[in-house]
Amino acid sequence: MTEKINQVRVAFDNELSGAVTGDELEQVRVKFLSRNGAIAQLFEEMKSVPAAEKPVLGKLLNTLKNAAQGAFDERKKTLSQSKEQRTRSIDLTLPGRPKPIGTKHPLTQTMDEIKKIFMTMGFSVATGPEIETDYYNFGALNFPPEHPARDMQDTFFIAKDILLRTHTSPVQIRTMEQQRPPVREIMPGRVYRNEAVSARSLVSFHQIEGLYVDRGVTFSDLKGTLVAFAHQFYGKDVKFKFRPTFFPFTEPSADMYISCFLCKGEGCRMCKFVGWLEIMGSGMVHPHVLQNVGYDPEVFTGFAFGMGIERIACLRYGVDDLRLFYENDVRFLQQF
Ligand code: DAH
């Protein structure tokens, strides 16, 4: 019996020192210390031991039982402490894990910069809805009904007389309806056209519109403002020219060109070898448009302009496919 007690002690000591997880510790408890464990078994066997041996063996067994329980409790305590330490310890000397920081989308950057330049010239920002009525998108802007000028822009119709705006010009009408001159606003926003998607055209893109109406605004105000913008945005030494064109809502109308900033007017792929880049449409607000919003064209005159943001961003960053702006490929976006 003494032999057996010693065997159990050795086995217990071995297994306890080998237990490192909570599960393993529990296995040791069940095997040795539970109601049917090895030590309880020894007490069971004591019953059949001759009475003379009982005092000595009983003492031996009790010592084992108490020592085993004590050692077990101790082990359990140290294991749970070291676990706590593991979770609590942070190595402050390790280098940090960098988190990539996003940047503004190149179109937003372009838009912000254009806005900033006009805001320093006294323009404020106005916006309007992307779902428009035929009246605001065309009628009020002097596009006559059934006039081929409407074909200049392929329109997405939602219902009869309701459409996705094809340009930001309707915001001119909404702005003028809401205030009296002087009106000095820029109007950025998304526009839609029913065109086949390619490197050069998209179904949805952005424009920035400008409008200045007051007493005595002249074509030289238009030129002065747009040239000041071009010098700030494209650089002091770009040359510029205005070429007559047609828009229903302006008269006279002019497209603004700047000398190609890549080849300085020599001719290259960017300017299609003509040395000039068209950057926006502009003109003096048509008297019909002023009448449509209740302004007296005998008292007030104004100029307006509109430019495509994607086109300007393409020129600026040398991007030759408009679709890149919408694919959100991080490798593309990270370059800006
Ligand atoms: N709305 C014209 C377009 O989408 C651009 C434009 C041209 C706007 C001349 C203007 C302007 O305000 O005066 O092509």
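This briefing walks through the domains, the ligand site and some backbone details of the structure above. The model is predicted, so local features need pLDDT of at least 70 and side-chain atom pairs count only at pLDDT 80 or more, while totals for chains, interfaces and linings use all residues. Residues are numbered from 1 along each chain as its sequence is written, and side-chain values use heavy atoms, with hydrogens and water left out.

**Domains**
- The protein chain is assigned domain 1 (2-88) and domain 2 (106-333); such bounds come from an automatic or database domain assignment.
- Taken over C-alpha atoms, the centres of domain 1 and domain 2 are 87 Å apart.

**Around the ligand**
- The ligand is surrounded by 16 residues, the closest being His167, Ser169, Arg193, Gln207 and Glu209 (a residue is near if one of its heavy atoms lies within 4 Å).
- By class, this shell holds four nonpolar, 10 polar and two charged residues; Ala, Val, Leu, Ile, Met, Phe, Trp, Tyr, Cys and Pro count as nonpolar, Asp, Glu, Lys and Arg as charged, and the others, Gly among them, as polar.
- A polar side-chain atom of Glu209 lies 2.6 Å from a ligand oxygen atom, and one of Gln172 lies 3.0 Å from an oxygen atom of the ligand.
- In the side chain of His167, an N or O atom is 3.0 Å from a nitrogen atom of the ligand.
- The protein covers 91% of the 350 Å² of accessible area that the ligand has on its own (Shrake-Rupley method, 1.4 Å probe).
- Elements giving two or more residues to the ligand shell are β6 (204-215), β9 (276-285) and β10 (300-308); helices (H or I, at least four residues) and strands (E, at least two) are DSSP runs, numbered from the N terminus.

**Backbone details to look at**
- Most residues other than glycine have a negative phi, and most peptide bonds are trans.
- From Pro181 to Pro182 the peptide bond is cis, with omega near 5°, and Pro182 sits in the loop between α7 (170-178) and β5 (183-192).
- A cis peptide bond also runs from Glu251 to Pro252, with omega near -5°; Pro252 belongs to strand β8 (residues 250-259).
- Asp161 is not a glycine, yet has a positive phi of about 70°; Asp161 is in the loop between β3 (157-159) and β4 (162-164).

Methods: A polar contact is a pair of N or O atoms within 3.5 Å; within protein, one must be able to donate a hydrogen and the other to accept it, and residues adjacent in sequence count only if both atoms are side-chain atoms.
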